[in-house]
Amino acid sequence: QITEHAPAELGDLNNDGILEVVFPAGLRTIALHANDGSVYWIVPAESEDKHLVILDTEGNGYPYVYITSEDITQGANGTGRLRKLRGTDGTVLATAFSWRPCWGGLSADDVDNDGKFEIYMTDRRVDYTPGELGKGMQAYDADTLELLWYEDDVTCSSHCMALVDVNDDGVRDAVAIQQSTTNGGLYVVDGAT
């Protein structure tokens, strides 16, 4: 089911010059041909209502689709995942644990211009509620979904990180808002480290 909060993305998933639109849809992820609305693929990979990313990491015209789900939706620890899908057919190529990206989701960039892309996920902070496993601001290798770094004292689960070179050093910084009534504010951290 595509809900009222289904932030869709457009991309040419099979390099044929026709765009596809990808929707987060609860327990599934759906890709439709944008020119006529016909189904391109539907995969049983949770994306719920999170912002997803379509990204051509290899520069060959065949992008990947990155999605995330939240662990606590299903009520069983260990089920939330960040996933990398092959754009041409939706096959899951890599996974990593995710806790509670809430209404937020993913951003992507090659922040240090080294030719390798990173995926950025916003999450709850660690122990937001006692025992929660959130990691706050997080960065993953776009190829392997290996966790590169995290800042776990930031609750930023309701939005996506902005990636911008704040201090003009040539490396884009990861910027998130601390969602708190007592210690809110803006977090700016080096996007590469």
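Analyst: In this predicted model, three strands form an open sheet in the order S13-S14-S15, and their pairing is antiparallel. The edges of the sheet are held by strand S13 (162-164) and strand S15 (185-190); each has a single partner strand, so one side of each is left without a neighbour in the sheet. On average, neighbouring strands of this sheet are turned by 30° against each other, direction ignored.

The pairing of S13 can be followed to individual residues. Strand S14 covers residues 173-178, and three bridges join S13 to S14, the two running antiparallel. Ala162 has Val175 in S14 as its bridge partner. In general terms, strands of a sheet pair through backbone hydrogen bonds, in either a parallel or an antiparallel manner.

Strand S14 is also the place of Ile177. This residue has a relative accessibility of 46%; because buried means under 20% and exposed means over 50%, Ile177 counts as partly exposed. Ile177 belongs to a nonpolar patch on the surface, together with Val164, Val166, Leu186 and Val188. The accessible area of these residues together is about 440 Å².

A side-chain contact involving Arg172 may be considered next. The side chain of Arg172 makes a polar contact with the side chain of Asp109, at 2.5 Å. Asp109 lies in strand S9, which comprises residues 106-109. With 17% relative accessibility, Asp109 counts as buried, since the limit for that class is under 20%.

For a further view of strand pairing, one may turn to strand S6 (residues 64-68), which is mostly covered: five of its five residues are buried. The cover extends to both faces of S6, with Tyr64, Tyr66 and Thr68 buried on one side and Val65 and Ile67 buried on the other.

Strand S6 pairs with strand S5 (residues 53-55) in the antiparallel sense over three bridges. Strand S6 also pairs with strand S7 (residues 81-86), again in the antiparallel sense, over five bridges.

Notes: Residues are numbered from 1 along each chain as its sequence is written. This is a predicted model: local features need pLDDT of at least 70, side-chain atom pairs count only at pLDDT 80 or more; totals for chains, interfaces and linings use all residues. Side-chain values use heavy atoms; hydrogens and water are left out. Two strands pair if DSSP finds at least two bridges between them. Helices (H or I, at least four residues) and strands (E, at least two) are DSSP runs, numbered from the N terminus. Axes are lines fitted to C-alpha atoms, for helices over the stretch in contact, and angles run from 0 to 180 degrees between N-to-C directions. Buried means under 20% relative accessible area, exposed over 50%, partly exposed in between (1.4 Å probe, protein chains only). Patches are made of residues with over 30% relative accessible area and no salt bridge: like charges are joined within 9 Å, nonpolar side chains (Val, Leu, Ile, Met, Phe, Trp, Tyr) within 5 Å. Accessible areas come from the Shrake-Rupley method with a 1.4 Å probe; for residues, only the protein chains shown count as cover. A salt bridge is a side-chain nitrogen of Lys or Arg within 4 Å of a carboxyl oxygen of Asp or Glu. A polar contact is a pair of N or O atoms within 3.5 Å; within protein, one must be able to donate a hydrogen and the other to accept it, and residues adjacent in sequence count only if both atoms are side-chain atoms.
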